[in-house]
Amino acid sequence: MITTILLSFGALFLAELGDKSQLMTLTFALRYRWWVVLSAITVASIAVNLIAVGVGHFLGAALPTEVISLFAAAVLIGVGLWTLREVLTGSDDDAEAPAPQAHSRSAFFVVLSAFLLAELGDRTMFAAMALATNNGWIAVWIGSVAGMVAAGGLAILIGVTVGKHVPERLIAICSGLLFLYFGAATLLGTLASGLSTVAAIALAAIAPACAGLVLLGLSARKGRAAEQFAAAADQAQ
């Protein structure tokens, strides 16, 4: 059993390194409190790996991964737009203050739902399913959860360290754009799986690029409006 746990831990930890879910965890750690992110990915890891080993060991069937991926893409794009909207509607005086999302009670559920949907149908889930077909499912489950949480913890550590040295507004903008990229990449991977890696990366980058240009334009317009208001106030005095 110990050997299976260690095998599952190593397989899932290595599979998670550089995976989109680990990058998502890092991005979440830049926006939310680290313990919220860690607890959410732990619950999600327990659930998704329980499903994986159950399917692999007892059923030997696959989940409707395409439908799940579409939901995941929608959630990621929604989180990205929500983050960018808060950047746009926030005032300059709040630029260095903690983001409102960081104090939101819904942060846990945002991280949980996004991470869970991203993992369902991902390569790490299939790795756990494959391990469970020839090994004890309980040991595979324990090792897989531990490996996934360890990889997420590493991402959180990097996110917390980086977050201390980067302005909050820049973090929010980068987070929103990254979520849009992850969402677009997930959508392309589902609807156009035949694309090459280079083409998929290039096409997925269009969404955050367009959003960034729109954000720059709206921010500049907002800045000009603020300057005009200040000038009018000075003339009135």
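**View 1. Helix α2 meets helix α5.** Lys-20, Ser-21, Met-24, Thr-25 and Phe-28 of α2 are in contact with Val-110, Val-111, Ala-114, Phe-115, Ala-118 and Glu-119 of α5, where contact means heavy atoms within 4.5 Å. Sorted by class, this contact has 7 nonpolar, 2 polar and 2 charged residues; Ala, Val, Leu, Ile, Met, Phe, Trp, Tyr, Cys and Pro count as nonpolar, Asp, Glu, Lys and Arg as charged, and the others, Gly among them, as polar. The axes of α2 and α5 (residues 107-119) come within 10 Å and cross at roughly 170°; axes are lines fitted to C-alpha atoms, for helices over the stretch in contact, with angles running from 0 to 180 degrees between N-to-C directions. The two helices, α2 and α5, are therefore roughly antiparallel (angles under 35 degrees count as roughly parallel, over 145 as roughly antiparallel, 65 to 115 as roughly perpendicular and the rest as oblique).

A word on the model: this is a predicted structure, in which local features need pLDDT of at least 70 and side-chain atom pairs count only at pLDDT 80 or more, while totals for chains, interfaces and linings use all residues. Residues are numbered from 1 along each chain as its sequence is written, and side-chain values use heavy atoms, with hydrogens and water left out.

**View 2. Helix α2 against helix α8.** Here the axes of α2 and α8 (residues 168-191) come within 9 Å, crossing at roughly 155°. That angle makes α2 roughly antiparallel to α8. The crossing of α2 and α8 is left-handed; a crossing is left-handed if the near helix is turned anticlockwise from the far one by less than a right angle, and right-handed if clockwise. On the α2 side, look for Lys-20, Leu-23, Met-24, Thr-27, Phe-28, Leu-30 and Arg-31, which meet Glu-168, Ile-171, Ala-172, Ser-175, Leu-178, Phe-179, Phe-182 and Thr-186 of α8. The class count for the contact of α2 with α8 is 9 nonpolar, 3 polar and 3 charged residues.

**View 3. Helix α2 across helix α7.** The axes of α2 (residues 20-31) and α7 (residues 137-163) come within 8 Å and cross at roughly 40°. This makes α2 oblique to α7, and their crossing is right-handed. Gln-22, Thr-25, Leu-26, Ala-29 and Leu-30 of α2 touch a set of α7 residues including Ala-151, Gly-152, Leu-154 and Ala-155. No charged residues take part in the contact of α2 with α7, which has 9 nonpolar and 5 polar ones.

**View 4. Val-79 in helix α4.** Val-79 sits in α4 (residues 65-89) and is buried, with a relative accessible area of 6% (buried means under 20% relative accessible area, exposed over 50%, partly exposed in between, with a 1.4 Å probe and protein chains only). Setting aside neighbours within four places in sequence, Val-79 is in contact with Phe-28, Val-110 and Phe-179. Val-79 and Val-111 are 32 residues apart in sequence and 9.6 Å apart in space, C-alpha to C-alpha.

**View 5. Asn-49 in helix α3.** Asn-49 belongs to α3 (residues 34-59) and counts as buried at 1% relative accessibility. Not counting residues up to four places away in sequence, Asn-49 touches Leu-12, Ala-128, Trp-141, Ser-144, Val-145 and Met-148.

**View 6. The whole protein.** Buried residues make up 39% of its 237 residues.

Methods. Helix = DSSP H or I, 4+ residues; strand = E, 2+ residues; numbered from the N terminus.
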